[in-house]
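I opened this model to see how its chain is built. These are my notes, in the order I looked things up.

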Amino acid sequence: MSTARAGAAASLGPADGPGGASPTAGGPLRASRSRVAAVLGRHPVGMVLAAPYAVFLVVVFAYPLGFAIYMSFHDYFFAAPGAAVERPFVGLDNYRAVLTDPGVRQSFRNILIFLVINVPLTAALALLLANALNRVVHARTFLRVSFYVPYVTASVAVVGVWLFLFSSGGLVNSVLGPLAPDPSWLVNESLAMPVIALFVVWKQLGFFILLYLAALQNVPKELYESAAVDGASNWQQFRSVTVPAVRPATALVVIVATITGANLFTEPYLLTGGGGPNGASASPVLVMYQRGIQQGEPDVAAAIGVLLVIGVLIISAINRRLIERD
Amino acid sequence: MKRILPAVVLTATLTLAAGCGDSGGGGGDADKANAAAGPITIWLSNNKEELAWGKAMVDAWNTQHADQKITAQEIPAGKSSEEVIGAAITAGNAPCLIFNTAPAAVPQFQKQGGLVALDSFDGAAQYVADRTGDTAEQYKSPDGKFYQLPWKSNPVMIFYNKQIFAKAGLDAEKPALSTYDEFLTAARKIKSSKAAQAAIWPAPTSEFFQPWFDFYPLFAAETDGKQLIQDGKAQFNSPEGQKVAEFWKTLYDEGLAPKEAYNGDSFNDAKAAMAIVGPWAIAVYEKVKWGAVPVPTSSGKPADQIKTFSDAKNVAMYSACQNRGTAWEVLKFATSKEQDGALLDKTGQMPLRKDLPAAYPDYFSKNPAYQSFAAQAARTVEVPNVPNSVAIWQAFRDAYSESVIFGKKPVPDAFSAAAQKADQLAAGS
């Protein structure tokens, strides 16, 4: 065996380099290639192809996040180029200011109420409607488009419709007559946030239905057939086959709904006139806008943002663990 | 870990979608810039009438100054003009002049280093004093300098719909609205007669600027012209401030003023019998037969003694401007007697000029409806020019919403807490 190897090595010798180069000439080249491979992987072209998106992520996502964290630890405000300003390090002062501000605390409570209503309702309705749409034979495209239209319509326009529906003299109160709440929906401290949560469920449902529809295409039909053979009803098939089969999609829906919900801004800004009534629908992002942009305190706004990020990460991690565990 | 890191970055950045930025570098020699002449850019309000005036003014300047042309454009769209201007200052691309700078935003723009002190131009302080008189003092910054040129005001008064008043059995020509009691009596009559859905419908929403169109005009009248903050101290937690608050609270408690915002213009749509607004709205109220009276006071002060909120918009020069010499000349040209007259004629808004009725007698004899606004323009109160101005207004609005509009807290308690916060903010902390 060793003789054969030696012979092979001897026969390969001249091929190592033109004109019978030294047998050690390939060593540095190989070493250099392996270093490149260690950094860029076995297919460096992949890195080249991925680079534009990586740069995009760094410039558009990672840098602002890092900068926000930096701002939250400094007495920071936006200044004109060349203006001589001091932005000293202030440690946790901005976080202290945020955590002792009743308005900020209320906004975090409000967003929790929103998420508790919005996220489960979004996931449940999206799954039920996707399941129904998956089985429907006639007018399938029409129904899919119908559910998707609110999602692609500008919030400002849709908010106008909901103002018409839920204002004191609006359609909903006209239908309810004496059962209409007093104060009315959007100026009622107990109802304003739930109305906003319902609005967002309705507006975004089309997107989440699409996610579930895609997931439902991958559920093997054999599972339903065998369940039917075992005598399972439609509801039992839904509970025992569909729900477990789309669990990864459910995790995605819950996490995305949590993230987008935590970013709530347009609805309290427009639907309830700046977080009214009396701050009952103010969201952390709305308060960030007020403090950071209107009141010129981007450092405080950044601290709110960082706390919101941490909160969303924790909620998302818990959701993922709960939903994805077997 | 490989899966968590991208998730962390993605989640975090989605949450912080309202990204912030900064820039560095730039600057320049201020003295050299003050003397520099050349083309400049200005921003105008997107109000139709003001745009028409602005374009005519620019044309008039450009025909005489071929080498120092003005390029005018509307203030770019945004949630508010102040937000757009603040962003432009930070980016270093603000124009030379903005003919719609809100006095409440000036302290913030000044802190950002975005404004040029007009006093740095020869004779500027004298020019402002000669044109505007004593009223100009309200527009000085705490350092004693002018970072804004007082331009025009919209003294806030009570508009009333004559047809609704007649329908409610009220005197439509000389309605009794000078005291709080008279005002409330008229409001109750409007409501009980169902002549209109609301007696008056100021926006009950939470934006920081809403007090300018409910509490503040009446506060100025009740206190003979006190600002919200004076000498670094909040003034609204006073017997006068609480009288004004209780007046509005009665309107809300009795349903004479709705607690829900109207989606549109309630006065123009005849849903409200009265509105509290300045003369800019006259152009909008084409289909309403209206009259105007000064805001009420608790004791019914004579009309010629009543002060009110100015709702002024001013002109400021921004530090990104390179050709400041030209900008200063344009500023004087645009606020000359001739251009002020053109502004009055086209927009019905009151130039912040001394003795306005005497300056434009022809206009006011042709437009008698504007005479009361011209008289009122001499007795206006501005928002205080103090640090954290917007934050102070927001703190006040939150307290007002809580106590006056929604009645969740007694007015004295809410105002006392807000006054403490306002004092801290005014001190710059």
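The entries below go from the whole chain to its sheets.

**Ground rules.** I am reading a predicted model, where local features need pLDDT of at least 70, side-chain atom pairs count only at pLDDT 80 or more, and totals for chains, interfaces and linings use all residues. Residues are numbered from 1 along each chain as its sequence is written, while chains are lettered from A and ligands numbered from 1 in the order in which they are written.

**Whole chain.** I looked up chain B and found 17 helices and 14 strands. Helices (H or I, at least four residues) and strands (E, at least two) are DSSP runs, numbered from the N terminus. The radius of gyration of chain B is 23 Å, close to the 22 Å of the globule rule for 429 residues, so chain B is as compact as a globular protein of that length. That radius is taken over C-alpha atoms, and the rule is 2.2 Å times the number of residues to the power 0.38. I noted a C-alpha trace spanning about 75 × 65 × 40 Å along the principal axes. Buried residues are 52% of the 429. A residue is buried if 20 or more other C-beta atoms lie within 10 Å of its own, exposed if 12 or fewer, and partly exposed in between; C-beta atoms are placed from the backbone.

**Six-strand sheet.** I traced an open sheet in chain B with the order β2-β1-β3-β12-β4-β13 and mixed pairing. Two strands pair if DSSP finds at least two bridges between them. The edge strands are β2 (70-74) and β13 of chain B, each pairing on one side only.

I then checked β4(B), residues 149-153. How many of its residues are buried? I found 5 of the 5, so β4(B) is largely enclosed by the rest of the structure. Strand β4(B) runs antiparallel to β12(B) (residues 313-317), with 2 bridges. Lys152(B) has Lys313(B) as its bridge partner there. Strand β4(B) also runs antiparallel to β13(B) (residues 350-351), where Ser153(B) stands opposite Met350(B). Strand β12(B) has 3 bridges to β3(B) (residues 97-101), again antiparallel. Ile98(B) partners Ala316(B).

**Four-strand sheet.** I found another open sheet in chain B, ordered β6-β9-β5-β10, with mixed pairing. Strands β6 (198-200) and β10 (290-293) of chain B stand at the edges with a single partner strand each, so one side of each is left without a neighbour in the sheet. Strands β6(B) and β9(B) (residues 272-277) pair in the parallel sense over 2 bridges. Here I saw Ile200(B) with its bridge partner Met274(B).
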